[in-house]
Number of protein chains: 2
Amino acid sequence: MRLPTLKWTGRALELIDQTLLPGELRIIKCERPPDVHAAIRRLAVRGAPALGVAAAYGVVLAAADGAGRSVEKLRRLFTEAAAYLETARPTAVNLSWAVRRMAAVAAEEAGTAEGLYERVEAEAKAIEEEDRQANRRLGHFGAALLRDGDAVLTHCNAGALATVDYGTALGVIYAAVEAGKRISVFVDETRPLLQGARLTAWELTQAGIPATLICDNMAAAVMARGEVDCCLVGADRIAANGDTANKIGTLNVALLARPFRVPFYVAAPLSTVDLNAQTGADIPIEERADDEVTTFAGCRTAPLGVEAFNPAFDVTPGRLIDAVVTEAGVARPPFAVSLARLKGEPHRPAV
Amino acid sequence: MRLPTLKWTGRALELIDQTLLPGELRIIKCERPPDVHAAIRRLAVRGAPALGVAAAYGVVLAAADGAGRSVEKLRRLFTEAAAYLETARPTAVNLSWAVRRMAAVAAEEAGTAEGLYERVEAEAKAIEEEDRQANRRLGHFGAALLRDGDAVLTHCNAGALATVDYGTALGVIYAAVEAGKRISVFVDETRPLLQGARLTAWELTQAGIPATLICDNMAAAVMARGEVDCCLVGADRIAANGDTANKIGTLNVALLARPFRVPFYVAAPLSTVDLNAQTGADIPIEERADDEVTTFAGCRTAPLGVEAFNPAFDVTPGRLIDAVVTEAGVARPPFAVSLARLKGEPHRPAV
C-alpha cells in the first residue's frame, strides 16, 4: 500500500518529502506553521490540492502554542498563521482558498479555546476529506473522456502526490483503468524539477500502468507519429473564462495538441477554479531561482554568468482547452458559463 | 582566442570533447578511424558540419596503416574507412556526404601511394576550408534577416562547436552582431544532452552576447510574452521540399512559433541539403539509448522499470519554415524550387 502524500497525526503534519523521490522515500514531520511554510516553498509538498490541505493543517499547528490560552489569543494565532501560510507560494489558488476558509472558521463565535481548536481542526479534516472525495468523483467523470486503448500525454504530476490521494489528471487515468480500459501514458519529464520523471513515472509504474517517459521537447514528435490520443493535465488556478495556470510547459503541450487535433483536457477540483480571476492575466505567476535551470542534482550544467528565466507556471488560454473535469461534472466551452454553473454561482460578465 | 572545434595535425585529428563542456575543456586525439567513429557516436564531436569534417579526416587516418603499402591497398583502406565511418550516425547527411566525397577521390587514378594519400588528405582539408567559408557566407546572408534589437530563440547548438568555426545559426547571430546590431538570445537548454545549456550558452557568454537560458518547455511562455522576434536553428538534413531534420524539440519550436507569428529560420550549408530525400519521410531518425532520458549527470532521475522514448531528431515540415539560410543565399518557399536552384540542380519533381 502506498504511503499517503500527507497525514495528520493530531499533533503534527507528516509529509513525503517529494524533492527526494523516487530515489528516497523520507517522511518529514511539520510541528509548527513555519515547518509547513518551508515545506511548501521548497516543494517538499506540491500540487495545488495538496498545498491547500497542507496549509489548512499548517493553520491548526499554530495552536501548538495555544494550549491554555484564551479564545481570543488562539483566534489570533490561527488568523496570523493563515495569513503567513498564504504567502508561501502565489499561483495555486487552493492554498489561499484553504487558509481563508480556515481563517473564516477561526473567526466564528466559540465558547472555549478547546471548542475553537476542535472546530478549526475539524475544518482542516473536512478540507482533506473533500479533496479525497473530489478526486474520486472527478476521476469518475473524466474517465468517460478516455476510450479503451487510448494513449494519454500528461505533464508534471497531477497524481496522488499532488493531492491527498488518487490525483486529478492521474485520478482520471486510474478511474479509466479501474473501469477496465487499457490506458498508456506518455509522461513529460517536466523540467526544471522533473516532477514527471520523478513523481508521475513513479506513480504509474507502481500502479502497473504502461508509461513512456519523454523529454518535454519530444511531445510534438510523439504527436506527429499519431501516438497521442489526448492530453490531460492538472491545474494550479483556473480563471473564470477557463484560462488555466499550470506547471510551466503546459502551454507548449496545449499549443502543440491543436495542429495535431489532439484533445486537451484539464482535471482539477472546483477549489482550483477562481471566479475572482476573470482571465489568466489576473493570475500571479511565481518565478523561481535561476539555479533550478542552470544546475541539476548539484551539478552546474550551464556556464557561469549566463542568465536564466524560470517561471514556475504558464497560462493556457481557455480557447485551447476542450474540457475541464471537476468533481461536479465536465465543463465544456464556453467556460465562463460552464465553470460558474458547476461552481454554483451565476455567470458574472466581465466589467 | 577560442580553441578550434577540431584540428588536423597531419598525423591525428584533435577534437574538443564536447560531452565535458562547459565544466572541462579536454582535447582528445583521434589517430585511427575507430577513434573518430567512437567520438562521433558518443557525441564528443557533434553538429552536422563538424561531423562531415571529422569523418573526412577519419578517412585520411586509415592511411596510418598504409605507409609502404601499394596504391591499391591504400585505396581499399580509404574506401573501407569511408564505409565504416558512414555508419557512425544516420541522420546528419553531412557525414555521408563527406565520406562519399572522400571515397570518390580515393577511387581516382593515382600513380603512387604517396600521391593518393596527398590527394585524399587535400580533399579533407578542402571540406574543412569550405565549411569555414560557408559559415562566414551564410552568416552574412542570414544577418540581413535580423534587425537591431532582435531577440532570437535558438535550440541545441548550431555554433562554432557544431562546425569547423563560427557556426550556422549562431554564425548568423555573430555576423549580425559584427554588423553592429544588438542581438539577444533565448537559449533552449535542449534535453536530453543539454547542448543549449552546455554549448550554446557557453559560446554566447564567451562572445559577450546576452543570453537567457530557458528550459525547452518555456518557449511558449516566452513567446506569449512577446519577447521572441524570430527562431533560428541549424539542421542535420534538409529534404528537397524543405522538410528539416534537426535536434529533437525543433518541431516543438517551429509549431509554437506559428500561432505567435514568430518567423522560423533554418541556417545550414548546402552540404546539409539532401536532394535525394524528397521529403522528411526519407530521412532516417536516430533513436538513442533510454538512459539519456532517465538519468542526468550520472544520477537516475526516473524510477527503475519505466520506459523512455529517445529520438535524437525530429522533422519540421518545410511549410513551417520561413527561410533556409545557406552560403549561396536565402531560400524562401517553395523550397522544392529555391533549394534546388541554390544547390545548382534543376528542380526534380517527385515521381
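Trainee: Before I dig in, what should I know about the numbering and the model?
Mentor: Residues are numbered from 1 along each chain as its sequence is written, and chains are lettered from A, with ligands numbered from 1, in the order in which they are written. This is a predicted model, where local features need pLDDT of at least 70, side-chain atom pairs count only at pLDDT 80 or more, and totals for chains, interfaces and linings use all residues, while side-chain values use heavy atoms, with hydrogens and water left out.

Trainee: OK, what domains does chain A have?
Mentor: Domain 1 covers 6-136 and domain 2 covers 145-343; such bounds come from an automatic or database domain assignment. Their centres, taken over C-alpha atoms, are 25 Å apart.

Trainee: And how many residues of each are in contact?
Mentor: 30 residues of domain 1 of chain A touch 32 residues of domain 2 of chain A, with contact meaning heavy atoms within 4.5 Å. The area buried between the two is about 2600 Å², and carbon and sulfur atoms give 56% of that. Buried area here is the accessible area (1.4 Å probe) that two parts lose on being put together, summed over both.

Trainee: Switching topic: what's the strand order in the eight-stranded sheet?
Mentor: E17(A)-E16(A)-E10(A)-E7(A)-E4(A)-E5(A)-E6(A)-E14(B), an open sheet with mixed pairing. Strands are DSSP runs of at least two residues, helices (H or I) of at least four, numbered from the N terminus. Two strands pair if DSSP finds at least two bridges between them.

Trainee: Why do E17 of chain A and E14 of chain B count as edges?
Mentor: Each has a single partner strand, so one side of each is left without a neighbour in the sheet.

Trainee: What does E4(A) pair with over four bridges?
Mentor: E5 of chain A (residues 184-188), in the parallel sense, where Leu153(A) has Phe186(A) as its bridge partner. E4(A) also runs parallel to E7 of chain A (residues 230-233), over two bridges, and there Leu153(A) stands opposite Cys231(A).

Trainee: Are the faces of E4(A) covered or open?
Mentor: Both are covered: Ala151(A) and Leu153(A) on one side, Val152(A) and Thr154(A) on the other, all buried. Buried means under 20% relative accessible area, exposed over 50%, partly exposed in between (1.4 Å probe, protein chains only).

Trainee: How many disulfides are there?
Mentor: Zero, over all chains, a disulfide being a pair of cysteine sulfur atoms within 2.5 Å. The sulfur of Cys230(B) is 6.8 Å from the closest cysteine sulfur, in Cys231(B), too far for a bond. For Cys156(A), the closest is in Cys215(B), at 12 Å, also too far for a bond.

Trainee: Last one: where does Arg132(B) sit?
Mentor: In helix H5 of chain B (residues 113-143), partly exposed at 29% relative accessible area. Leaving aside neighbours within four places in sequence, Arg132(B) contacts Val164(B) and Asp165(B). Gly167(B) is 35 residues away in sequence but 8.6 Å away in space, C-alpha to C-alpha.
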